[in-house]
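I opened the model today to look at its ligands.

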Amino acid sequence: MNASKTFHVTTFGCQMNEHDSERMKGMLESLGYAEAGAQDGADLILFNTCSIREKADSKFIAYLQQAAALKRRNPGTVIGVGGCWAQSVKEDVFRQFPYVDVAFGPGQVHKLAEFLNSDSLTAQGFFEFEGFTGHLPMKREREFQGWVQISAGCNMKCSYCIVPATRGRQVDRPLDELVAEVRTMVDGGVIEVTLLGQNVNAYGRAVRGGERSSFAALLAELDAIDGLRRIRYTSPHPQDMKEDVVLAHAQLDSVCPHMHLPLQAGSSRVLKEMRRTYSRERFLDRVALIREHNPDIALTTDIIVGFPGETEADFQETLEVCEEVGFDGAFTFIYSPRRETEAAEFTDRFVSHEVAVDRMERLVEVVQRRAGERAQRFIGRTLDVLVEGYSRTDPSRLRGRSAHGKVVNFTGLAQPGEIVPVEITSATSQTLAGEMSLLARALA
Ligand code: SAH
Ligand code: SF4
Ligand code: F3S
């Protein structure tokens, strides 16, 4: 038994990694390990890494060096590195950082148990792509919200992106298995699920050991589960955004009025170089279709500036699309060359850092202004807010999220996990503020 052993996990990167970390934690607890509050003193120090941009790499390496210092003081400490960075460097991790004991890719979380139960003291690496491997126990951060990984990997070939190399080809989980999993979660108190995948609306074509299906069919089956109040998902790809998914938003009560639809760039020429498989016109056409059926839906996006060869005129097109669409929010990134990706070879066309920073600032200005304008539509309305806890800036107020995905800070009395009516009194690009509506609550 490992009853007295402790672990500490540091997670970098996207929700997929957050979710994988929940599985690492669940698995370790089932092996008898207990979670430690800090790295210092933990028997097992784990990192779940990201490699999406260079900054992610350098941030992680700084953390790893701190862990190495702890291990020098306490040589029995085991250091483990999982996730996308580990997958992208594979065995090289042991050459670069000899104090690492175990390394594993995103699909190999279960191998950590094998390592911990083995007698071998030599460094071990696990980097196969097996698709879905076993069903690991999970430790959920909040009992009323849960993530569901509907597929692993990505079949797209976006020229800037490292993810296909770190997570492999797309593999989808069978529909009935997903429905059963969500039912179990709902029985355990979950009222909101977020479906995770790199290209969720391509779901259903790559089901291993099950029938073909579709993302819209999955949404409909999940919507039918009693007690499940909110369904979210991230990220869909504009290429596969078809009418069936758009209609699911309009017709299924629990599918939230929010869609995160990554644009990446507004210039068709740049989109082509990015291998995004849609043009500016096609993206705008998808937005029109989505809004035709869901006029109030919140649209958020991801945008990259400074992609190799991006001219000022190309960038202007990105600004134009942002003006025209009026996103409710956007994650904006400066292009970062990634090892073994196609665009990293375009070195003769790299955009200087100064130009990229300048474009980023101008982009953020447009995105924020439009998001702020869009948010005004909520003022005076009463929105259902899922309470998550106390406001981060004012602990006398509560914080939650509207179905649109907006953060709402409000006065009132409620418990985390409750959905309460909040009358919105003010709005900025990032957050809404309001008061819990006692009348609406009494009538509910
Ligand atoms: N599968 C998702 C997103 C995965 S990564 C999708 O296709 O939408 C999240 C975001 O990081 C991407 O949407 C993109 O905007 C950004 N990103 C990915 N690779 C990048 C790179 N090399 N440099 C800068 N941003 C990048
Ligand atoms: Fe990367 Fe493109 Fe796949 Fe998204 S769709 S994970 S950006 S390759
Ligand atoms: Fe996510 Fe980073 Fe991997 S964004 S998929 S953890 S490279």
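Below are my entries on the ligand shells.

**Ground rules.** I'm working on a predicted model, so to speak of local features I need pLDDT of at least 70, side-chain atom pairs count only at pLDDT 80 or more, and totals for chains, interfaces and linings use all residues. Residues are numbered from 1 along each chain as its sequence is written, chains are lettered from A and ligands numbered from 1 in the order written, and side-chain values use heavy atoms, with hydrogens and water left out.

**Ligand 1.** I found 15 residues around ligand 1, the closest being Gln198, Pro262, Gln264, Asp302 and Ser336 (near: a heavy atom within 4 Å). By class I get 7 nonpolar, 4 polar and 4 charged (Ala, Val, Leu, Ile, Met, Phe, Trp, Tyr, Cys and Pro are nonpolar; Asp, Glu, Lys and Arg charged; the others, Gly among them, polar).

I then checked polar contacts (here, N or O pairs within 3.5 Å). A backbone N or O atom of Ser336 sits 2.8 Å from a ligand 1 nitrogen, and a polar backbone atom of Tyr160 is 3.0 Å from a nitrogen of ligand 1. Arg53 puts a polar side-chain atom 3.1 Å from a ligand 1 oxygen. Alone, ligand 1 exposes 530 Å², and the protein buries 89% of that (Shrake-Rupley, 1.4 Å probe).

**Ligand 2.** Cys154, Cys158, Cys161 and His237 are among the residues around ligand 2. That shell splits into 7 nonpolar, 2 polar and 1 charged.

**Ligand 3.** Around ligand 3 I listed residues including Cys14, Cys50, Cys84 and Arg167. Domain 1 (6-126) and domain 2 (140-256) both contribute to this shell, so ligand 3 lies between them (bounds from an automatic or database domain assignment).

Technical notes. Polar contact = N/O pair within 3.5 Å; in protein donor to acceptor, adjacent residues only side chain to side chain.
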